[in-house]
Amino acid sequence: MLRTQRSQSGIALLLFLFLTLGIGATLLMSATNASRQRLDQDANTQITLRQAKEALIAWSVTHNTTPGRLPCPEDTAAIGSANEGTALSSCSNAVFRIGRIPWRTLGLANPRDASGETLWYVLSPGFRGVPPLGSVGVSTGQLQLDGILNSTAAIIIAPGTPLAGQNRTTPSAGSPPSRANYLDMGNASGSAFVSTGPNATFNDQVLSITSQEIFQAMTFRVLAEIRGAFGLQNGLRRYYNDNGSFPPTGTSLNSLLFDAQTLGWLSPAANPNLWFASVSYTNLSSTSSRLSLGTRIMNVTPCTTTPCP
């Protein structure tokens, strides 16, 4: 009898152990799945942020009249209309501006983070007009991010799910979204933007655009325009077609012929050496030459048909 009781106790103990292990394994699997889901969501949000960054830089570099500028945030008066996501037509160049990203102006579908919220966008002063005298063709970012000053031209923010105290209703033109209900800590106040913070009070995901990144993208546009980008009316290719050879080394690039719009941003009246002063030109032969700007080099050959490659 005693042996039977001990056997039953042993079986009960084993069953309890198996049950405990099963519960532990289930909890561990659940925690792992939840963690993997969060990682997947974060990864999807990062993809959306990067796509928005690429679109902003592309918009800046390809701007017709002032490459290097950036769009204003969304025009809240258009929320709920067919023009929702359009940038404000004008905004101050002297102070930072913050709002939702102007996705329609950028040619994007409404970019949403993993929680379904539209991305937000912060624009530095200095990126709404011609770069100032003494610049290298791109304004200096004036936003402070994580304590670092004077490098950030724009910040893109995925707001994530609402935290304690954040109340989000469906935005409308009459009741536009308030950043305090979407953004966290310094991102909400605009005093000093941050990319990290305590979990209880911060779940923004942040991606910045620096002045240097815009400059690097601009170097190709500048060199392509001086080369003669798409036809025979501008730059070195125009010179070749008029003269049968490229100009000698040392030729002033602003003496080349350009259409008025291109010359207007390469060499604005208030800053005529804005881009030309930074570009180096070397004649390699009568049928080839070389341009360089920063770390980018572009070899130039004649183009006798249009559009040019």
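## Around helix H4

The cover over the buried residues of H4 includes H3, strand S6 (280-285), S7 and S8. The model is predicted: local features need pLDDT of at least 70, side-chain atom pairs count only at pLDDT 80 or more, and totals for chains, interfaces and linings use all residues. Residues are numbered from 1 along each chain as its sequence is written, and side-chain values use heavy atoms, without hydrogens and water. Helices (H or I, at least four residues) and strands (E, at least two) are DSSP runs, numbered from the N terminus.

**The helix pair.** Gly235, Leu236, Arg237 and Tyr240 are the buried residues of H4. Buried means under 20% relative accessible area, with a 1.4 Å probe and protein chains only. H3 packs against H4 at about 10°, with the axes 3 Å apart. Axes are lines fitted to C-alpha atoms, for helices over the stretch in contact, and angles run from 0 to 180 degrees between N-to-C directions. The two helices, H3 and H4, are therefore roughly parallel; that label covers angles under 35 degrees. Glu225, Ile226 and Arg227 of H3 meet Gly235, Leu236 and Arg237 of H4. Contact means heavy atoms within 4.5 Å. After H4 comes Gly244, with a positive phi near 80°.

**The sheet.** S6, S7 and S8 form an open sheet of 3 strands in the order S6-S7-S8, with antiparallel pairing. Two strands pair if DSSP finds at least two bridges between them. S6 and S8 are the edge strands. From one strand to the next, the twist averages 20°. S7 and S8 are joined by 5 bridges. Their hairpin has 2 residues between the strands, and Gly294 takes a positive phi near 65°. H3 lies across S7 and S8, at about 15° to S8.

| Residue | Opposite it in S8 |
|---|---|
| Leu291 | Met298 |

**The core.** Leu291 returns in the largest nonpolar core, which has 48 residues; Leu70, Ile101, Val222, Ile226, Trp275 and Leu291 have the most contacts inside it. H3 gives this core its largest share, 7 residues. A nonpolar core is a set of buried Ala, Val, Leu, Ile, Met, Phe, Trp, Tyr and Cys residues joined through side-chain atoms within 4.5 Å. Another core, of 12 residues, lies apart from it and includes Ile98, Val122, Leu183 and Ala188.

Note on methods: Angles under 35 degrees count as roughly parallel, over 145 as roughly antiparallel, 65 to 115 as roughly perpendicular and the rest as oblique. Buried means under 20% relative accessible area, exposed over 50%, partly exposed in between (1.4 Å probe, protein chains only).
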